[in-house]
Amino acid sequence: MDIGYIFLFIAFISTLYSTAAYYFGIKEKRASYLKNGEKAIYLSAAATLVSSALLVYYFLTDNFRIEYVAYHSNIALPAAYKITAFWAGSEGSLLLWTVLIMGYAVAYVRMEKKDLLSAYTLMIVNIIALFFLTLLISIQNPFRDLGFMPSDGAGLNPLLQTPEMAAHPPTLFLGYAGSALVYALALAGVMTANDTWVYRGRKWIVFTWIWLTQGIFWGALWAYDVLGWGGYWAWDPVENSSLLPWLTLSALMHSVMIQEARRGMKLWNIILAFMTFEFVILGTYITRSGVISSVHAFGQSNLTPPFTFMLFAVFAITLYIIYERKDYIKSKDIIEAAASKEATFLFNNLILVTSALTVFWGTIFPLISEGITGYKVTIGPPFYNTVITPLAFFLIILLGLCIAFPWRRTSGKELLKRLRLPAAAFIAGLVYSIAVGHRFEMVIAISSFLFAITTHLQQYIWDTTSFREQYGNLSLIKIVLRRRRRYGGYTAHLGLLLVFIGIAGGIYAQEYENVRLQIHQPANFGEYTLIYSAPDYEDTPLKTTWAAKIEIWKDGRLLGEARPAIELYKAGNGEQIRKVYIHTEFPKDLYLILNGIDENSVLLTVKIEPTVNLIWLGSWILTAGGVFALIPRRFVRGLFEGTKKKEEVVS
């Protein structure tokens, strides 16, 4: 038996003990039991960490006796990708899940108050961790011994040998594991009839949302840079499964503010936390079981029975607890006027959840069609674009209205003052877009974008004036830090607006053409001139590469030499991938895909993505908004105390 497996078994026993300690500690009100539960969490976290370190060590030392290492690595694989091969298959992914969820449990123990709410939360987190540990010590053992030492391994899928894919799974799984804690906290809040779960849950919700955002960003960037089809999102089932929890968690991030401020939406918040966690389990299952065909699904394993059990168990338990505590979760009617912040939050939630349910239906439809007809019928981009596009336009308009509208209610005169400038920006966007000949959808997208961004800019200006009157000469940065939750949210909104207009430009203003270039003969594409100057060939122990050297000219000036390529990998199944070339002139990209090559000519797909870099920039601004909102209170307090002392010394 491998020592890595022994540590996994120790983690399983320790987590089982911790769960029992919390259960009996809560039931018998014994603080000593709860303390033992905490200690066992530390042991479980340490054991899973050691187990993970051993698996990484086996990859780095080419220990192909371990079946998982033999299937996902080989001697020629660079050391960095031997480390990332850790999460290339379902066994490693589930181990990563477990390590991260135990990390969240330890962080929670260290950071949160020791009370009944925390005891319930940690007991639920333990139960979730037990599910994954049970899989790891039974059907998904990453330390299974082959019984002999092969001379070399099968190698890592070439599509996974990229920096983007090194970042995508860990960031996404940080979000996935965080959603387990958010769900546990919400369920514990209902079980203990304790409203403070929303105050404590706020930072965990935002932290989880940050990592889900990053996970989706790295996945989209990987699809754009590596898959070689010229897009970043294809409504693929695995892509969808990462978007689903992001949508419901974004809704939860807004609706908990209503519960904090007005004691409303209690049941709704529980349902959102539940949906987020269910979508996370579904996403892990789809990605790692191979149950639905996907260019992103790299695992094939028999995970259907345990994950189906988990999905239904979570559903049944949540439903039962909601029924048992139905008196506690009755909410107040908090909508006093349609033109209020509360109403925009409600509609924002409805749009996000409707979007999630639409994507969910499209994702599971292949399974349903196979169950009924025996054939898997996949729903393609036209379905999503038809349904999601109008929802996205409404969401962007709401993004502006939620800034313009105050809490509770306001007068018609005040509303007119708040909306006249954004409305003018909307009309200006309409006139301009129609004048330059944009498609109808792009006209609406630009006008909505201008409306929403004007409400934000207008609010910044009003706030600055108000701050001068309220705080005098106090630094604007310190004022913004004092209201970091508010401005973190505004920053995230700006990021989302950039992502929105970036996506709209890609869908409605992209240029595309298949061209054959003769050697040394210039060919024009939009504002660019392309010249095929020479073929290029390279053979290494890892792969064979055929590339085309192509000069890129614009306005009589050489911008650079492109080198799109086709790579044939020698290990494994001899997979062939296309290495695209991307020339960036912010915010657009010239995107070259090599389809065929000989000494005299080259066949290319050439695209101009007019706004794609706004998506990447917007994603980072989204993340920055979340990070800004999470700046600890003690840091801000220390900053203000430091300022106060300095002022006292000067005076």
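Biologist: How do you know that the span of helix H6 (residues 116-136) agrees with its number of residues?

Modeller: The expected span of a helix is 1.5 Å times one less than its number of residues. The 21 residues of H6 should therefore span 30 Å, and its end C-alpha atoms are 30 Å apart. Helices here are DSSP runs (H or I, at least four residues), strands likewise (E, at least two), numbered from the N terminus. This is a predicted model, where local features need pLDDT of at least 70 and side-chain atom pairs count only at pLDDT 80 or more. Residues are numbered from 1 along each chain, and side-chain values use heavy atoms, without hydrogens and water.

Biologist: Why is H6 called largely enclosed by the rest of the structure?

Modeller: Buried means under 20% relative accessible area, exposed over 50%, partly exposed in between (1.4 Å probe, protein chains only). In H6, 18 of the 21 residues are buried, so the helix is largely enclosed.

Biologist: What makes Lys 29 count as exposed?

Modeller: Its relative accessibility is 75%, so Lys 29 counts as exposed. Lys 29 sits in the loop between helix H1 (3-28) and helix H2 (31-60). Its phi is positive, about 55 degrees, although Lys 29 is not a glycine.

Biologist: Why is Ala 193 called partly exposed?

Modeller: Its relative accessible area is 41%, so Ala 193 is partly exposed. Ala 193 lies in the loop between helix H7 (163-191) and helix H8 (197-227). Ala 193 also has a positive phi, about 50 degrees, and is not a glycine.

Biologist: Where is Pro 587?

Modeller: Pro 587 is in the loop between strand E8 (581-585) and strand E9 (588-597). The peptide bond from Phe 586 to Pro 587 is cis, with omega near 5 degrees.
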